[in-house]
Amino acid sequence: MTDTRRRVKLYALNADRQWDDRGTGHVSSSYVDRLKGISLLVRAESDNSLLLESKIQPDTAYQKQQDTLIVWSEGDNFDLALSFQEKVGCDEIWEKICQVQGKDPSVEITQDIVEESEDERFDDMSDSAPPIELPNCELSRLEDISELISNCLSSQMKKEKLATAIEGEGYIRKLINLFHMCEDLESMEGLHHLYDIFKNIFLLNKNALFDVMFSDELIFDVVGCLEYDPSLPTPKRHREYLRQQAKFKEAIPIKNAELLSKIHQTFRVQYIQDVVLPTPSVFEENMLSTLSSFIFFNKVEIVSLVQEDEKFLTELFSMLTDLSTPDTKRRDLVLFLKEFCNYSQNLQPQAKESFYKTLTSLGILPALEITLAVDDLKTKTASIDILTYIVEFSPSVVREYTLQQASNTDEDQMLLNVIIEQMICDNDPELGGAVQLMGVLRLLLDPENMLASVNKSEKTDFLNFFYKHSVHILIAPLLENTVHDKPQKEDYRSVQLLGLILELLSFCVEHHTYHIKNCILNKDLLRRILVLMKSRHKFLVLCALRFMRKLIALKDEFYNRYIIKGNLFAPVVDAFVRNNGRYNLLDSAIIEMFEFIKVEDIKTLCSHIVENYAKCLDEICYVQTFKSLKLRYDQHQDKLKDRERNSLDGVPSILRSSRYRRDQRQMDEEEEMWFNDDDDFEDNETVLTAPTDMLSKKLDTDLDSIGKIMEKKQPEVNGPKMNNNSSTKSAVHNNNTSTAGQTATSPVASNETKTQLIKRGLVDYEGGDSDEEDDDGEVSKRPRLS
């Protein structure tokens with residue numbers, strides 16, 4: 001369908017009193033059998049689907065606004081609007097609506113909108129059946145005019161009649177003439193009346209009156225009337241601000257006269273709504289809905305007109321990325337672009353997606369790499385705002401661009417690293433820009449908004465990129481400030497920055513897995529972070545503690561072993577002792593962390609804490625956390641002793657010898673690596689592993705004697721019993737440190753008996769009751785000798 005006269009956008013007013021874009025299509029009017037009447041039909045231009053099917057009811061109030069808008073209500077609180085591309089198409093549909101309702105097409109509204117109860121409606125109909133007669137527009141009648149308009153606001157029907165009278169008699173222009181006379185005569189009484197008159201005309205909420213008041217000819221005079229608030233001792237100077245201080249800067253000359261006019265009008269009307277008009281009361285909020293709609297549709301139209309002018313945007317971006325462009329010119333370009341993106345927030349998702357695709361194709365991200373690094377504060381702030389708009393709407397666009405840079409861009413010039421650098425180098429003492437950029441990074445690193453991506457590998461690829469090319473830049477200030485086991489800088493800006501970095505790293509711990517784990521272990525990051533527990537800034541101490549708490553919450557044994565090996569509870573306990581029982585957030589946070597370890601029964605950490613810090617913590621009596629932790633540890637130790645005692649009852653004396661026994665929790669690193677890396681074996685598979693020299697020397701002389709015992713008992717045994725996979729691994733994990741004989745490995749000896757013993761694994765000794773028993777009574781097999 002190529003006819004643009006009937007091309008429209010369909011809008012619906014949502015619960016927040018904002019217009020939602022329901023789609024673009026073409027409108028027609030025809031008889032619909034199902035609805036039994038002439039109806040408005042809108043079919044989508046993309047797939048010809050039906051967007052709207054609305055019967056023209058004889059009593060529905062249709063309103064024509066700004067020559068290209070038709071607005072009406074269907075049912076309670078469901079407002080619809082058709083925005084036409086051309087005035088001709090709007091006139092055609094308006095004539096059809098008026099024809100069905102038997103109205104004159106010259107009217108702006110087809111019905112009187114009545115919202116009162118039936119009694120009020122009856123009274124209003126009798127009272128306001130004749131049109132409202134306005135007093136003569138004279139200085140002596142200003143008080144009467146003000147009183148009349150004020151009285152009409154109580155009834156919707158009176159408001160409609162009054163608006164029609166004001167529009168029909170050209171009353172606004174007459175009032176403006178009186179305003180000029182009052183200013184010339186310095187008549188403050190008359191000016192105060194005019195203030196009340198125009199304030200109440202705004203509350204009539206009529207688009208036809210707005211069109212008159214917001215015209216280039218009258219808008220400054222309307223603003224002038226609103227300067228003389230009777231409640232203020234002196235008049236405001238809104239006109240002076242709009243004419244002299246709020247100067248319009250054309251970053252690039254705008255040749256489209258319609259676009260230029262819309263931009264000026266929108267700025268001034270927005271200023272009237274935000275600054276000039278008094279803050280509406282609760283009862284007046286909905287009385288300015290048409291003014292909000294006027295601004296909304298103006299902004300949508302401005303974005304559309306700019307977006308359609310490809311030559312204008314191409315020139316803008318070429319100047320923005322040109323290194324020879326003066327800083328002042330670049331600032332104006334960025335500020336224009338920021339305002340442009342701000343207006344786009346009124347667009348609906350589909351239109352907004354098209355908007356950002358246009359900007360991306362024109363090179364907005366390479367431009368931001370340049371403008372973010374500019375020294376000019378206004379340019380940098382506007383660039384951060386633009387980047388925030390883009391990332392909040394579509395972080396995948398920025399991620400995709402960043403990944404494309406991996407192979408052809410230096411690290412310091414990559415957009416992601418530019419963002420991190422600007423966050424770190426923010427000179428603002430309050431770090432306003434750094435806070436905003438940290439939010440941008442958090443959105444980019446959030447796996448939750450990567451899941452719905454078309455590119456399935458986006459999450460893996462982007463996180464690999466970040467931890468390979470960017471994370472070292474992010475943590476550099478942290479490492480630099482914790483070199484000598486105490487914070488190097490304690491000024492407010494530095495500690496605020498470290499707090500932001502810790503917050504981002506805590507987010508990474510919570511949402512990323514092996515990437516951040518490798519970073520923490522390789523950089524010994526937790527140890528460096530816990531140096532900040534000595535800071536005199538309590539919020540930074542809490543940030544460091546929060547990071548450790550996030551690690552412990554994962555209940556990951558890699559992290560637990562890392563904490564134990566580095567004795568990393570020491571800075572926390574020291575801070576707890578220094579706090580000296582003060583009832584504050586730090587005290588509560590540390591106690592909560594130990595409480596979590598107790599409740600979740602993290603045995604390795606529990607044992608480490610009790611064995612190393614019991615003397616300090618046993619003195620804490622105002623909470624039961626540490627006593628309960630000690631009790632939990634004692635119970636665990638008793639269980640281990642019982643298990644060890646049971647397992648030793650049936651073991652031959654040579655294996656029970658104290659020479660070969662190892663204390664629980666003292667397995668050396670080589671054995672631990674062997675158990676962690678042990679592969680699954682198939683049933684009856686021979687297990688041969690390379691032994692350590694130490695264990696070989698210890699057991700080599702004794703294996704011969706063990707072999708002789710085995711040979712003597714050979715007739716009593718029906719062949720060697722091989723452990724299956726699961727029982728072997730279970731036994732290994734449950735009893736991996738109970739005796740040296742159970743975990744010892746042996747080289748392949750020339751002695752045949754020794755080799756036979758190695759291949760057999762476990763055998764049953766006489767009596768057959770030397771197998772261990774678990775707490776639940778199930779029999780578990782001893783680990784094989786290999």
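Glu108 is placed in the loop between α1 (87-101) and α2 (118-127), where helices (H or I, at least four residues) and strands (E, at least two) are DSSP runs numbered from the N terminus. At 31% relative accessibility, Glu108 counts as partly exposed; buried means under 20% relative accessible area, exposed over 50%, and partly exposed in between (1.4 Å probe, protein chains only). The model is predicted, with local features requiring pLDDT of at least 70 and side-chain atom pairs counted only at pLDDT 80 or more, while totals for chains, interfaces and linings use all residues. Residues are numbered from 1 along each chain as its sequence is written, and side-chain values use heavy atoms, with hydrogens and water left out.

The chain contains 36 helices and nine strands. It has 786 residues, of which 47% count as buried. Its accessible surface comes to about 40,200 Å², and 48% of this belongs to carbon and sulfur atoms. Accessible areas come from the Shrake-Rupley method with a 1.4 Å probe, and for residues only the protein chains shown count as cover. Among contacts (heavy atoms within 4.5 Å) in the chain with a separation of 6 or more, 66% are between residues 24 or more positions apart.

Surface patches were considered next. Patches are made of residues with over 30% relative accessible area and no salt bridge, with like charges joined within 9 Å and nonpolar side chains (Val, Leu, Ile, Met, Phe, Trp, Tyr) within 5 Å. Lys and Arg count as positive and Asp and Glu as negative, whereas His and the chain ends are not counted. The place of a charge is taken as NZ of Lys, CZ of Arg, CG of Asp or CD of Glu. Glu108 belongs to a negative surface patch together with Asp67, Glu167 and Asp211. A patch of positive charge on the surface is made up of Lys534, Lys538, Arg578 and Arg582. Of these residues, Lys534 is located in the loop between α24 (525-530) and α25 (538-553). Lys534 has a relative accessible area of 48% and is therefore partly exposed. A nonpolar patch on the surface is formed by Leu139, Met181 and Leu185, which together have about 280 Å² of accessible area. Met181 is part of helix α5 (residues 171-185), and with 41% relative accessibility Met181 counts as partly exposed.

The structure holds 30 salt bridges, each defined as a side-chain nitrogen of Lys or Arg within 4 Å of a carboxyl oxygen of Asp or Glu. One of them joins the side chains of Arg173 and Glu217 (3.2 Å, N to O). Arg173 lies in helix α5 and Glu217 in the loop between α7 (207-213) and α8 (219-225), so this pair ties together parts that are 44 residues apart in sequence. Arg173 is partly exposed, its relative accessible area being 39%, while Glu217 counts as exposed at 56% relative accessibility.

A salt bridge is also present between Asp385 and Lys338, whose closest N and O atoms are 3.4 Å apart. Because Asp385 lies in helix α16 (residues 377-393) and Lys338 in helix α13 (residues 327-344), the pair ties together parts that are 47 residues apart in sequence. Asp385 counts as buried at 16% relative accessibility, whereas Lys338 is partly exposed with a relative accessible area of 26%.

In the salt bridge of Asp601 with Lys603, the closest N and O atoms are 3.1 Å apart. Asp601 counts as partly exposed, with 30% relative accessibility. Lys603 is partly exposed as well, with a relative accessible area of 40%.

Glu186 has a phi near 55°, a positive value in a residue other than glycine. Glu186 is found in the loop between α5 and α6 (188-203) and is exposed, with a relative accessible area of 66%. For Asn580, phi is near 60°, again a positive value in a residue other than glycine. Asn580 is placed in the loop between α27 (570-579) and α28 (585-599), and its relative accessible area of 62% makes Asn580 exposed.
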